[in-house]
Amino acid sequence: ILIFVLGMVTLEIERGIPKVSIPLPSTNKHCLFALRPHKNTIGDLMTMLKKEDPAIGVVTISTKGGVQMASSNSIEDLIEDDFKMTINNKQYYVKIPDRQDKKVDLEKLADIRLMVNQLYSVLNVPNYLVNREKEIEEQLIEITKELEPLEKARRELDMQAQRKTNLLAWGGLGYMSIQFGILARLTWWEYSWDIMEPVTYFVTYGTTMAAYAYYVLTKQEYILPEVSDRQHLLEVHQRAKKIGLDLDHYNKLKATVAQLESDLRRIRDPL
């Protein structure tokens with residue numbers, strides 16, 4: 001049985017904060033709930049009610065036309081118009097007081113928009129962008145001048161490191177060729193395959209151990225392109241340290257140039 005009650009639940013809005021006075025079934029006394037329009041939801045209000053009075057089993061809220069409102073709706077949506085609240089078997093009609101805060105908010109919003117437009121005109125954004133573009137171009141010129149000798153030194157280091165890396169690669173090929181020749185000589189001329197088979201096994205196993213030792217020391221797989229790149233970087237850093245080239249400073253300058261060029265592109269083509 002649903003009992004309809006008029007005027008038992010009251011809602012007042014003080015300084016934009018809705019305050020709902022609701023009678024609790026267990027005590028039949030009113031309890032005041034303060035809600036935040038944009039933060040709280042209808043589900044939050046239901047949770048507050050059930051937490052305040054364990055005797056409350058069912059709470060539903062519907063529009064004055066009888067359409068149930070979802071618990072995910074905000075309190076701001078709830079106080080747009082009068083609504084009905086059902087607590088257990090009692091239904092209350094809640095009347096929303098006249099709200100003047102909406103008109104005030106719209107007036108404040110119009111004032112803010114006017115102020116923003118005025119600030120935009122005062123700041124003169126196009127002139128600011130032109131000045132900013134000139135400033136970035138000047139910074140790029142200064143950093144480019146500072147980078148020129150560093151770039152030249154870095155290119156020389158890269159060439160020297162590449163020569164050293166290539167020399168080591170050819171040296172490895174030469175070592176493998178000599179090893180192949182020695183094993184072939186011992187197998188077909190000096191001894192026989194029966195004697196050399198265990199030797200080749202241990203040579204192969206030793207090579208595997210060397211590859212695993214490389215992984216243990218460097219935490220990288222023994223993949224030839226990666227080994228070559230690592231050796232190249234080691235040579236660059238070692239030679240840079242000898243000639244006093246600060247690679248960290250060089251990398252920071254390169255990053256600054258990239259950032260300035262990106263800013264310049266955004267200014268010239270915002271879209």
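These questions and answers walk through a predicted model.

Student: Which elements flank the loop that holds Asn28?
Tutor: Start with the backbone. Asn28 has a phi near 60°, a positive value in a residue that is not glycine. Most residues other than glycine have a negative phi. The loop with Asn28 runs between strand E3 (17-23) and strand E4 (30-34).

Student: Is Asn28 buried or exposed?
Tutor: Look at its relative accessibility, which is 55%. Exposed means over 50%. Asn28 is at 55%, so it counts as exposed.

Student: What class of accessibility does Asn88 fall in?
Tutor: Asn88 also has a positive phi, about 55°, and is not a glycine. Its loop lies between strand E6 (83-87) and strand E7 (90-94). Buried means under 20% and exposed means over 50%, with partly exposed in between. Asn88 has 29% relative accessibility, so it counts as partly exposed.

Student: Which element gives the largest share of the largest nonpolar core?
Tutor: That core has 25 residues, and Ile22, Ile61, Phe83 and Met85 have the most contacts inside it. Elements giving two or more residues to it include E3, E4, strand E5 (59-63) and helix H1 (42-52). The largest share is four residues, and it comes from H1.

Student: How far apart are the end C-alpha atoms of residues 199-217?
Tutor: An unreviewed UniProt entry places the feature "transmembrane region" at residues 167-187 and 199-217. In the model, residues 167-187 are 100% helix, with end C-alpha atoms 30 Å apart. Residues 199-217 are also 100% helix, and their end C-alpha atoms lie apart by 27 Å.

Student: Which helix gives the most to the lining of the largest pocket?
Tutor: The pocket holds about 760 Å³ of space. Its lining has 19 residues, with Gly172, Met176, Tyr222, Leu224 and Val227 nearest the centre. Helix H4 (125-190), helix H5 (193-218) and helix H6 (224-243) each supply at least two. With eight residues, the top contributor is H4.

Student: How many residues of that lining are charged?
Tutor: Sort the lining by type. Twelve are nonpolar and six are polar. The charged count is one.

Key. Residues are numbered from 1 along each chain as its sequence is written. This is a predicted model: local features need pLDDT of at least 70, side-chain atom pairs count only at pLDDT 80 or more; totals for chains, interfaces and linings use all residues. Side-chain values use heavy atoms; hydrogens and water are left out. Buried means under 20% relative accessible area, exposed over 50%, partly exposed in between (1.4 Å probe, protein chains only). A nonpolar core is a set of buried Ala, Val, Leu, Ile, Met, Phe, Trp, Tyr and Cys residues joined through side-chain atoms within 4.5 Å. UniProt positions are given in the numbering used here, feature names are shortened, and annotations may be inferred rather than shown by experiment. On a 1 Å grid over the protein atoms alone, a cavity is a set of points where a 1.4 Å probe fits but cannot get out, and a pocket is an open set with protein on both sides within 12 Å along at least five of seven lines; lining residues have an atom within 4 Å of a point. Grid points are joined across faces, edges and corners, and a volume is the space filled by probe spheres set on the points. Ala, Val, Leu, Ile, Met, Phe, Trp, Tyr, Cys and Pro count as nonpolar, Asp, Glu, Lys and Arg as charged, and the others, Gly among them, as polar.
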